[in-house]
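Here is a short report on one chain and its contacts with a partner. Please keep the view open while reading.

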Amino acid sequence: MLVYVLKRLFYTLPVAFGVSVVCFLLVHIAPGDPLTSVLPPDASAQLQADMRKIYGFDRPLIVQYGLWVLKTLQGDLGVSIATGRPVAAELRLALGNTLMLAVLATLIGFVLGCLFGFVAGYFRDSWLDKLASFVSIIGVSVPHYWLGMVLVIIFSVQLNWLPATGAGPGGSADWAWDWVHVRHLILPAVTMSVIPMGIVARTVRALVADILSQEFITGQRAKGLLDSGVFRHVVKNAAPTALAVMGLQLGYLLGGSILIETVFSWPGTGFLLGQAIFQRDLPLLQGTILVLAMFFVALNLLVDVVQTMLDPRVQRA
Amino acid sequence: MSSASFETIATEGTSPGYWSGVLRRLGRDPVAMFALLVILAMVLMAVFAPLIGPADPYRGQMLRRLRPIGTPGFPLGTDELGRDMLTRLIYGARLSLLMGVTPVFIAFFIGSAIGITAGYLGGKVNTVLMRTVDVFFAFPSVLLAIALSGALGAGIFNGLLSLTIVFIPPIARIAESVTTAVRKIEYVEAARASGASALTIVRVHVLGNVIGPIFVYATGLISVSLILASGLSFLGLGVKPPEPEWGLMLNTLRNAIYVQPWVAALPGAMIFITSISFNLLSDGLRSAMDLKS
C-alpha cells in the first residue's frame, strides 16, 4: 500500500511540473505587453522599463520561470496588477467561498445522483428507470448558467423568496451559518449540484445494473438472500467507484465555478477569475488558475489512493 | 449495377455489415431518431437563417425594447436593443453550432492521430505523447477553456482554439487505450509478421477497429462543447457583440430578467435543446454500437 502511494505520488510530480509550466506560459501567450493594463498609454519609456524590471519581465523566460516557482513554493503568488494587493491574500478568501459552495453542491448532487441512479439501475427498464435516466440526462445537458438564471427568475424575481446575487449583507467577510447568509447559498448550490447529480446518477445506474447481473447475486438469491441483503452487496460493490466519481466532480466544480459564480455574483475564485480576465490582471489570472489546477491534481491523487484503500480489487501497485 | 443490388440485400439483413447494423438499430431507437430530427432542424435553421428569419438580426429600435413574448410582429419579443428575438435566435444557431461542433470535430482528428500513434508505437513515443496529454488532462475542462481564452482574449478564433485544445486530451486518451488493446490482437501480430508496414497495418487493420469507439466518445463531447462554447460567450469571451450567439444573447439579456424574464431565458433554452439532443443521439449511437460507457 505504502509503495503504491509513493509510486502514485512520484507519478504526480511530472504532471504538477507540466501544470506549472502551462500556468506560467499563460501570461506569455497573452497578446500585448502584460503591463499595458496598468500603465497609462502615454507612459514614458523610462517608466515602462522600470515597471518591467519591478515585475521581472526583463529577464530570460527560463529565469522568470525558476524565480516564479521559487516564489510560488514560498506561498508568494505575486501582486495583483489591478488592486496592488498580494494574489495569495485575494485567493484565500475566494477559495473558502468557492469550497463552501462546491462541497455543498457536490453533497447534494451525490445524494440525489445515488438515489436516482440506484432506483434506475435496480428497476431497470421500468418507467422509474426511464424517469430517473431522463432526469440524469437533463442534469448533464443543461447549461447550468442558464439554469441559474431560470431559478433566479422563478425564486427571486417572481416569488421573491431568495436573494438573486451576492453572499450576504457584508459581502462574504462576515459569513455565518445563519439564515441571513445561508439563503444566499441555496440557489447557487442547487444550480451547481445539477452537474454532479447527472453524472453520479449515470455512473451509479450502470454500476448497479452491472452488479445485479453478476452471478454471485443470482447465487446468493438462490440461497435465499433477501432484497435487503442484495442491497448491502450492491452498496459495498458500487461505493468505491461512486465515491471516486464524487471526488473528481468536486474538483471539476471548483475549477468550473466561474460560470455559476458570475450568474450569482458569488465572491469565489470564479468571480476572481472573471475580474482577472476583464481587467487583464495577469498575475491574478495565473495565480488563481495555478491554485485551482494544483487543487485538482491533488484531489485526483487523493481519490486514487482512497479508492485503492477502499476497493481491494483495484491493485495497481 | 450489381453492387447496388448487393447493397439492398445487405441492408435487408441477410449479411449485414457492422455499420449498416448499427444504423438499423439506431433507426429503431425512437428517442435517438427524434434527437436527430431536432439536430437536423437546428442545422437547417442555421443554413437557411436569411430565408427563415423574419427581420434583420442586427437592426433594433430603441422605442420597442424588451417587448414580451407574443407581441404582434415580434412573436418571441424583442431584446434589450429592440431587435427581434425570433430572428436572433434563428441566426444564433449559426455561431452557436459552429463554436460548439467545430472544436470537437478538429479535436477528433488531432486527438485520434495522437492517441493512435501513441497506442500503436508504444514505448518512449507513447510515454512522451501521453504524459503531455496528462498535463492538459490535469486541468478541469472549464478552467482550461477559460484560462486559455482568458489569456488569448475574446474572439471567435481564440474561442475555437481554446476549446479544441480542451477536447484533444480526452479524445487522445480514449484513442490510445483502444489502439493499445487492438494492437495486441493476433491478426495485427500476423500482419506485422508477414511484413506489412506500420502505416498499412494502422490503415487496414487498426483504424477500422478503433475509429468507431473514438467517434462515439467524440459525439458525447459535443453537448459539453456547446455548453462550454456558449458559456465562453456568456462570460464575454468568445463571440463579441453584436453577433447573434445564444450564450452572448443570454449575457446581454441578463439585466433584463427583471423586465422580461422569459424573453431573457429564451437563448438558454435553445442551448439546452441542442445539447440534450446531441446527448440523446450519442447515447443511442452508443447502445446501437453496443459499447459500454
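The text below covers the fold, the interface and the core.

This is a predicted model. Chain B has twelve helices and zero strands. The C-alpha atoms of chain B fill a box of roughly 80 × 50 × 30 Å along the principal axes. Of the 293 residues of chain B, 44% count as buried. Among contacts in chain B with a separation of 6 or more, 70% join residues 24 or more positions apart.

Next comes the interface. On chain B, 35 residues are in contact with 40 residues of chain A. Four elements of chain B give two or more residues to this side, and they are listed here.

| Element of chain B | Residues |
|---|---|
| α6 | 123–137 |
| α7 | 141–152 |
| α10 | 198–234 |
| α12 | 261–288 |

α12(B) gives the most, with nine residues. By class, the side of chain B that touches chain A has 22 nonpolar, ten polar and three charged residues.

Now the core. The largest nonpolar core has 154 residues. The members that touch the most others are V200(A), V204(A), A293(A), L143(B), A145(B) and I171(B). α10(B) supplies the largest share of this core, 16 residues.

Which residues does I171(B) touch, leaving out those up to four places away in sequence? They are A107(B), F108(B), G111(B), S112(B), G115(B), I214(B), Y217(B) and A218(B).

Note on methods: Residues numbered from 1 in each chain as written. Chains lettered and ligands numbered in written order. Predicted model: local features only at pLDDT ≥ 70, side-chain atom pairs only at ≥ 80, totals over all residues. Buried ≥ 20, exposed ≤ 12 C-beta atoms within 10 Å, placed from the backbone. Contact = placed C-beta atoms within 7 Å. Nonpolar A, V, L, I, M, F, W, Y, C, P; charged D, E, K, R; others polar. Core = buried A, V, L, I, M, F, W, Y, C linked by C-beta atoms within 7 Å.
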